[in-house]
Structure formats: C-alpha cells, structure tokens
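Subject: Structure handover

Hi,

Here is the structure for you to look through. My notes on it follow below.

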Amino acid sequence: MRDAIVIKSKKLKVKVSGVLFPKEEDDRKKRDAGERCLFYVLDCASDAGAIKAKGELPARPAKGEIYELTGDYVEWNGERQFRFAAARPYLPVDERSMLAYACELTKGIGPAMEQKIWEACGEKWREVGEGVIKGLTAEKVAMLRRTVEELSSRREQAEAISWMMQHGLSVHLAQVAWDAWRDRTVATVRGNCYALCDLPNYGFSHIDGDIRRSFGIADDDPRRLTAAVRHCLDGLTSRGSTVVPWYMLRSELLALVPDAGDAIQRTVGDMVARGSVVFFYSSQLLADQLDYLAESAIWEFAKEEQHGA
C-alpha cells in the first residue's frame with residue numbers, strides 16, 4: 001500500500017529513540033559504496049506521542065538527537081507516520097540547554113557531571129579541560145567537543161541543503177554540492193548556480209531549467225551562456241580532438257540554447273578575451289585553455305627530447 005500523503009505541509013519536532021531502518025551494517029556498506037543520502041525510518045518521540053518518521057538524511061541519526069522535520073503525515077499499513085522532506089538538526093539557543101543536550105549525546109557524561117561542568121565553567125563550559133572536575137578525563141573532554149562540533153556541522157549542512165532544495169536541487173545534488181564546497185556551498189551556488197555543472201555526474205541539463213530560473217538567471221545571462229559554451233566544447237572535444245571548428249561549436253550552441261541569439265557570439269568573444277578559450281583566427285578553430293596548455297606542454301617536451309637525442 002502506498003503512502004496516502006496529506007496535502008498540507010506540517011512541521012514536527014522529534015527526538016530520535018532509535019533507527020528502525022537501515023541496519024547499521026547496511027548503512028555503513030551503502031556509505032562505503034558512495035551513497036550520500038540514505039532513506040531512514042526512525043522511531044521518535046514528539047509532543048504528540050511516539051511516532052515513526054521517515055525520509056532521507058545525509059548522516060545516520062544518533063539516539064537522543066532532536067530534529068525539526070518538515071513534511072506530511074501519511075498512512076502506512078494502517079499506521080500514522082510522518083514523511084519528511086527536510087530535517088533540520090535542533091540546537092538549543094542558550095548555553096545551559098546546549099550543554100545539557102551535548103552531554104546527553106556524549107557517552108560517559110551523565111546529568112551529575114553535566115551539572116558540575118556548569119557550576120565550574122558556566123557560559124564558558126566549552127572551554128572545560130581535563131581534571132577540572134573529578135572523573136572528567138581527557139577522553140571525555142575530547143568526546144564532548146566532538147559532539148558539539150558535529151552538531152554545529154550538521155546544522156550548517158542541513159540549512160545549506162534545505163536552502164538548495166528550495167531552489168529546485170534534488171537532495172542528492174545538494175549533498176554532492178555540500179561534499180564539494182562545505183561552508184562555501186551557499187555562497188558558491190548563489191553566486192553562480194552553473195558551478196554545479198562541475199560536480200561529478202551532473203551537467204548543464206540538470207541546472208538549465210527550474211534551478212537557474214529560481215535564481216533569476218535570464219536566457220542571455222553570461223553565466224548561463226558561459227556554462228553552455230563549456231558544455232558544448234567539452235562534448236565536442238570528448239570525441240578525440242582538442243580543437244573544434246567554430247561553425248560546429250556555434251551549431252551545437254544554437255541547438256542547446258536557441259533562445260540566446262546573438263549573445264552566444266559575444267559570450268565566446270568574452271571568453272577568448274579572458275583567455276579561458278583559445279581561438280585560432282586563421283583556421284577558425286577553438287580550444288579550451290587547459291587543453292591548449294596541455295598540448296603546448298607536450299609539444300615543447302617533444303621538441304626538447306628531439307633536440308636532446
């Protein structure tokens with residue numbers, strides 16, 4: 001039986017009681033195989049009572065973690081569940097609550113030690129060191145700091161992925177972008193969403209639709225046309241030659257972006273002026289700068305070898 005999705009989107013704050021699916025071993029195997037976002041079924045506690053929540057997450061949740069979910073209630077085999085499209089890791093605002101949350105997620109640090117840390121350090125509890133409190137070993141301090149760092153990183157990652165998904169990216173593409181650029185992801189994509197074309201297994205066609213329109217990029221925007229030129233040039237040179245006739249590149253571009261008109265020639269001219277594309281005027285051939293430099297280096301090496309022989 002398929003999920004019967006309620007139309008209205010809802011928000012639900014949950015605390016993870018356990019991961020029902022996948023098993024930890026299967027989780028590890030999938031991530032070792034390169035999968036970035038996995039589908040999870042979570043046993044959760046909420047203000048409305050116990051509930052199963054399911055959806056994709058970039059990392060396996062830990063018991064006790066709190067998430068702010070956005071999605072819909074669904075019916076599955078007669079059971080009411082929550083199917084989330086976005087999951088934002090929850091972080092308390094005040095330092096006292098943040099310490100309590102971090103200690104709850106850190107093995108070996110219970111409520112008693114948490115209270116002693118607060119009494120000893122107060123708002124500066126993140127600076128606590130070994131020996132400040134009896135039983136607080138260097139290992140436990142390191143574990144506490146790792147928990148805080150991981151919580152902050154997950155929050156930043158979740159917010160970046162959520163922002164990208166609002167602009168039309170799939171959860172997988174958003175995760176690949178985060179893996180590539182980390183804390184520079186939002187700035188990179190906001191500055192030029194066609195930077196996504198450089199990511200593995202993604203290209204011009206993935207971006208040149210709802211994604212680019214969500215960023216207000218017009219048909220003749222230089223960012224779009226520059227990406228189109230690179231896409232066509234890469235496609236043509238992948239057939240074996242590092243140089244491409246202008247008429248052939250122009251034909252490919254007109255087929256790819258027929259709405260760009262005369263802006264195509266201007267864009268290629270700008271790329272030649274900047275040096276990212278090399279144009280051989282006498283033969284009307286073009287080459288990518290990196291291909292040209294590589295060919296030139298090989299040629300120079302061959303000449304040196306010949307003279308040295």
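Strand β6 (residues 244-245) and strand β8 (residues 285-288) run antiparallel, joined by two bridges. Pairing here requires at least two DSSP bridges between two strands. Helices (H or I, at least four residues) and strands (E, at least two) are DSSP runs, numbered from the N terminus. V244 sits opposite L286 in β8.

This is a predicted model: local features need pLDDT of at least 70, side-chain atom pairs count only at pLDDT 80 or more, and totals for chains, interfaces and linings use all residues. Residues are numbered from 1 along each chain as its sequence is written, and side-chain values use heavy atoms, with hydrogens and water left out.

β8 also pairs with strand β7 (residues 277-280), antiparallel, over four bridges. There, V278 has A287 as its bridge partner. The β7 and β8 hairpin has four residues between the strands, and Q284 takes a positive phi near 60°.

Now the helices. Helix α9 (residues 222-237) packs on helix α10 (residues 246-256) at about 125°, axes 10 Å apart. Axes are lines fitted to C-alpha atoms, for helices over the stretch in contact, and angles run from 0 to 180 degrees between N-to-C directions. The pair is therefore oblique (under 35 degrees is roughly parallel, over 145 roughly antiparallel, 65 to 115 roughly perpendicular, the rest oblique).

Which residues of α9 meet α10? A228, V229, H231, C232, L233 and L236 do, against M248, L249, E252, L253 and L256 in α10 (contact: heavy atoms within 4.5 Å).

Just after α4, G168 takes a positive phi of about 95°.

Best wishes
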